[in-house]
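Hello,

Here is the structure I promised to pass on to you.

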Amino acid sequence: MKKDTFGINMKKYCKSHEEIMTSALSDNEITKELIETHREKIRIVQHERLVHLIVTFLVAILVFFLMDLALLHSELGILPLILSIVALILVGFYLYHYFFLENTLQRWYVILDKAKEMLGEYVREYHG
């Protein structure tokens, strides 16, 4: 079995869990233990999302600092401009991953509501 070199692949991790939950929902195989596992996965992804939000803001601050260096201190040459462009690209990737995590969590909240409703533990209040 091939191991992930740099940690787990979050997209595969989320897709795998979501397939398990949607399959259990469609086959009417929801249990309290499965709901608790789903809640734990939600907590894990929420933590991942928070970390990515913090890192994204820090890298964005770095972009502004580097752009300040590039624009106001031209004696430093082109290096601050190149670094600010690289950091800006990095912010783009962080935002992409953050929105992936956010959208995944929103789908998982709906799955949790449906699972709880299936067990008779939940009454929908939102009818949107």
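Below is what I found, from the overall form down to single residues.

First, how to read the values. This is a predicted model, in which local features need pLDDT of at least 70 and side-chain atom pairs count only at pLDDT 80 or more, while totals for chains, interfaces and linings use all residues. Residues are numbered from 1 along each chain as its sequence is written, and side-chain values use heavy atoms, with hydrogens and water left out.

**Overall form**

The protein has 3 helices and 0 strands, and from the N terminus the order of elements is α-α-α. Helices (H or I, at least four residues) and strands (E, at least two) are DSSP runs, numbered from the N terminus. Along the principal axes, the C-alpha atoms fill a box of roughly 70 × 45 × 20 Å. The radius of gyration is 21 Å, whereas a compact globule of 128 residues would have one near 14 Å; this radius is taken over C-alpha atoms, and the globule rule is 2.2 Å times the number of residues to the power 0.38.

Of the 128 residues, 29% count as buried. Here buried means under 20% relative accessible area, exposed means over 50%, and partly exposed lies in between (1.4 Å probe, protein chains only). The protein exposes about 9200 Å², with carbon and sulfur atoms supplying 65% of that area; the areas come from the Shrake-Rupley method with a 1.4 Å probe, and for residues only the protein chains shown count as cover.

If you look at contacts (heavy atoms within 4.5 Å), then among those between residues at least 6 apart in sequence, 77% join residues at least 24 apart.

Helix 3 has 40 residues and reaches 58 Å from its first C-alpha to its last, close to the 58 Å expected at 1.5 Å a residue. That expected span is 1.5 Å times one less than the number of residues. After helix 3 comes glycine 120, with a positive phi near 80°.

**The nonpolar cores**

A nonpolar core is a set of buried Ala, Val, Leu, Ile, Met, Phe, Trp, Tyr and Cys residues joined through side-chain atoms within 4.5 Å. The largest one holds 17 residues, and Cys14, Ile30, Val45 and Trp108 have the most contacts inside it. Helix 1 (10–26), helix 2 (32–72) and helix 3 (79–118) each give two or more residues to this core, with the largest share, 7 residues, coming from helix 3. A second, separate core has 6 residues, including Leu66, Leu69, Ala87 and Val91.

Which residues does isoleucine 30 touch, leaving aside its neighbours within four places in sequence? They are Met21, Ala24, Leu25, Ile35, Ala115, Met118 and Leu119.

**Salt bridges**

I count a salt bridge when a side-chain nitrogen of Lys or Arg is within 4 Å of a carboxyl oxygen of Asp or Glu. A search of the whole structure finds 5 of them.

- Arginine 107 pairs with glutamate 18, with 2.9 Å between the closest N and O atoms. The pair links helix 3 to helix 1 across 89 residues of chain. Arginine 107 is partly exposed at 38% relative accessibility, whereas glutamate 18 is buried at 15%.
- Glutamate 102 meets arginine 49 at 2.6 Å, N to O. This pair joins helix 3 to helix 2, with the partners 53 residues apart. Glutamate 102 counts as buried because its relative accessible area is 17%, and arginine 49 is buried as well, at 18%.
- Arginine 43 and glutamate 40 form a bridge with closest N and O atoms 3.0 Å apart. They are separated by about one helical turn, because they lie 3 residues apart in helix 2. Arginine 43 is partly exposed at 41%, and glutamate 40 is partly exposed at 39%.

Through shared partners, salt bridges join Glu36, Arg39, Glu40 and Arg43 into one network.

Glutamate 48 is found in helix 2 and counts as partly exposed because its relative accessibility is 24%. Beyond its neighbours within four places in sequence, glutamate 48 is in contact with Met10, His97 and Leu101. The C-alpha atoms of glutamate 48 and tyrosine 98 are 8.7 Å apart, although 50 residues separate the two along the chain.

Best wishes
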